[in-house]
Amino acid sequence: MKRMGFCVGNVKLYRAAMQVILAVILGTLLVSEAAGAEPHQNMVVRWPAERAKCRPVPMNDVQISGFLGNRIDQNLDSVLAGAKSPISAGFEARANGKEPPKVCNRLAADSDLYKWLEGACYVYARTKDSRVRAEIDRITGYILMCQKPDGYINTQVPPKKRFDRGVKHDLYIAGHFFEAAVAHHRATRSPEMLDAACLWADYLIAEYKKGNSYYDGTCEHPEYELGFLRLGREVGSEEYIDFAATLAQKLSKIGPTIADTRAGCGDHAVRMGYLLAGMAGVYLENGRQDMIDHLPELWREIVDSRMYLTGAIGPRGEHFNKKAFTLQLVPGAYSKRKHMAETCACVSMIMFSWRMHGITGRSECFDVIEKALYNQYLGGFALDNMANFYYNPINVTGDLSGMSDHDYKPMTGRCRLPKIHTTACCMPNGWRFFGGMPEYIFSSDDDGLFMNLYTSATVNHTLADGRQVKLAVETDYPHDGNVLIRYEGDKPAHFKLRLRIPGWCSNAEVVAGGSKASIAKGGDYYVADQQWKTGDTVKLTLPMPVRMIVPDPRIKAQEGLVAFARGPLVYCLEKPDVDFPVEQAKVSLKPQGGSTKVRAEWRSDLLGGVHVLHVPGQVDGKPKDLPLVPWYTRANRGDDSRWVAMLPVVND
Ligand code: FUB
Ligand code: ZN
């Protein structure tokens, strides 16, 4: 696909160099030039209305505050700190004709910068922050200077050859570049990165057509599907979109079960999530039924039998097990690698679930997203978004000498910016996912809006036929289940407001249009289908009694254990809150009905404000109060913590 551009030799170098200089000298001027990034267009996904049952409300139509808004806002500082981390050093060195420093010697290191760029562009699109824009310009300048005339880019050390079968990440890296280029184009309207991506994409397709043997069964890392798809959509190239499908089918094997599905040859959880997300995306784009033949069963199988209570996936190293319900609790039980539940794996599952929501319009997809988001995902990052875990074992106890978070020590301490983890993938995935999160909150169709995730927000969105949906939402979710929604449109309007009643929720109540509805069991949207006039309100109450979770008896590693949750939050007992080793604690409650004896205490002074759950328990046969905190807040009080989310029950 040829685009009008300047991607040739010296012109390109000159332009890129000028861009770096301009970014430094004229940073703020460049900002004002691009301040009018596309209004009312999605930044992250753009699903055609023909197939999507609903589509995300664009981030520029939404103002988010509250709990999620706070985390989304913190991403700005995290992105700025990321720009000062070593992830750009390799590009900077190569652009200046130097060897990259050793710190850049990470697998697929280039992709970290591309993920940063994707995230930074979302942040910029929403905030128009001039510092973020200056970093975007500086970094894209370096990237463009590193592009070879045929489109290929690789800064890695030690220098690797193209299509290196030992490394197997060439297509993966390109995929991340394409995603970043699309985000850059949407945020800045500037064509350079998109031109560069097309040049590289054309090169990869030309190699394929020439019969490059790399495409014959090399075990690559899916992501290229998403990359080609999104690039193809952005520039209107069917060839790129078809190539995304070709690669999915040629380099992976998709069967009706996880056991017979191979994502780039393997059962690696991140690869699986990206592959399935990419295929769902191709279907949404062009309706290719063969892309989604097995997706509903695969999604269901992962959710029902391969997912932890925190929404994490990948129990064996970074992999799925062939056998269902094999979910170890502590690192190392099934594998020499003492790892499990990678942060990126949950991001990839969220991406897949989002696209399944687009295909089906179903709320259960957001039940899964919510579970993964509030527990595994937020728990992967420090409360200030400045540090991250790579792996997230459910229980971490005992002597951890010799253990690490994929080589980062101590295993119970997150790697903090501007330092970057030796395998940096998870932090950059955080930047791009926090960046895109504003588009997960609401989706819309021709009839109105869906509220998928509850946080304080305002939304001002115009439906396809011109009706304006303007709402304000107030809530302390996830700490409290009361949600107040007010219609703020100037003119009366008729539309449907669909409110997700979470699967964990019983006896939700909705007061709307003067009537009250009780919903005994969650797991679907409640539809408020009415004429709205200015000031009309909907009051949603999602009761949040403490729940005791008894795992599926087929999960042998969790036999005899229970966990606690309140609303969407899973809890754990953590070392700083007790004067005994957490693994000695037992729960003195009967799984049936016992949770009514648990007291929830609001503590505004703790961990940014949390409910502590006081669970009656025992230690060494003596009664003990077990004060549990939300799992996402663990490991934020020093680097030497221990925690248990699943606890044994006293057997007498
Ligand atoms: O290989 C690229 C990424 O790095 C994978 O998705 C992660 O599992 C980590 O190994
Ligand atoms: Zn990762």
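**Close-up views of a predicted model**

**View 1. Two assigned domains of the protein chain.** The domain assignment gives domain 1 as 442-477 + 482-541 and domain 2 as 546-648. The C-alpha centres of domain 1 and domain 2 lie 33 Å apart. The model shown here and in every view below is predicted.

**View 2. The residues around ligand 1.**

View 3. In H169, a side-chain N or O atom is 2.7 Å from an oxygen atom of ligand 1. For E342, the distance from a side-chain N or O atom to a ligand 1 oxygen is 2.7 Å. For E318, the corresponding distance is 3.1 Å. How much of ligand 1 does the protein cover? On its own, ligand 1 has 270 Å² of accessible area, and the protein covers 93% of that.

**View 4. The disulfide of C219 and C265.** The count comes to 1 disulfide. C219 and C265 form this link, with their sulfur atoms 2.4 Å apart. Is the link left-handed or right-handed? It is left-handed, with -80° about the S-S bond. What does the pair tie together? C219 lies in the loop between α7 (192-210) and α8 (224-235). C265 lies in the loop between α9 (238-251) and α10 (269-286). The pair therefore ties together parts that are 46 residues apart in sequence. C219 has 30% relative accessibility, so this residue counts as partly exposed. C265 is at 35%, so C265 also counts as partly exposed.

View 5. A disulfide needs sulfur atoms within 2.5 Å. Is C415 buried or exposed? C415 is buried, because its relative accessible area is 2%, and the cut-off for buried is under 20%.

**View 6. C572, in no disulfide.** Where is the nearest cysteine sulfur to C572? It belongs to C346 and is 16 Å away. C572 is in no disulfide. With a relative accessible area of 0%, C572 is buried.

Technical notes:
Residues are numbered from 1 along each chain as its sequence is written. Chains are lettered from A and ligands numbered from 1 in the order in which they are written. This is a predicted model: local features need pLDDT of at least 70, side-chain atom pairs count only at pLDDT 80 or more; totals for chains, interfaces and linings use all residues. Side-chain values use heavy atoms; hydrogens and water are left out. Domain bounds come from an automatic or database domain assignment. A polar contact is a pair of N or O atoms within 3.5 Å; within protein, one must be able to donate a hydrogen and the other to accept it, and residues adjacent in sequence count only if both atoms are side-chain atoms. Accessible areas come from the Shrake-Rupley method with a 1.4 Å probe; for residues, only the protein chains shown count as cover. Helices (H or I, at least four residues) and strands (E, at least two) are DSSP runs, numbered from the N terminus. Buried means under 20% relative accessible area, exposed over 50%, partly exposed in between (1.4 Å probe, protein chains only).
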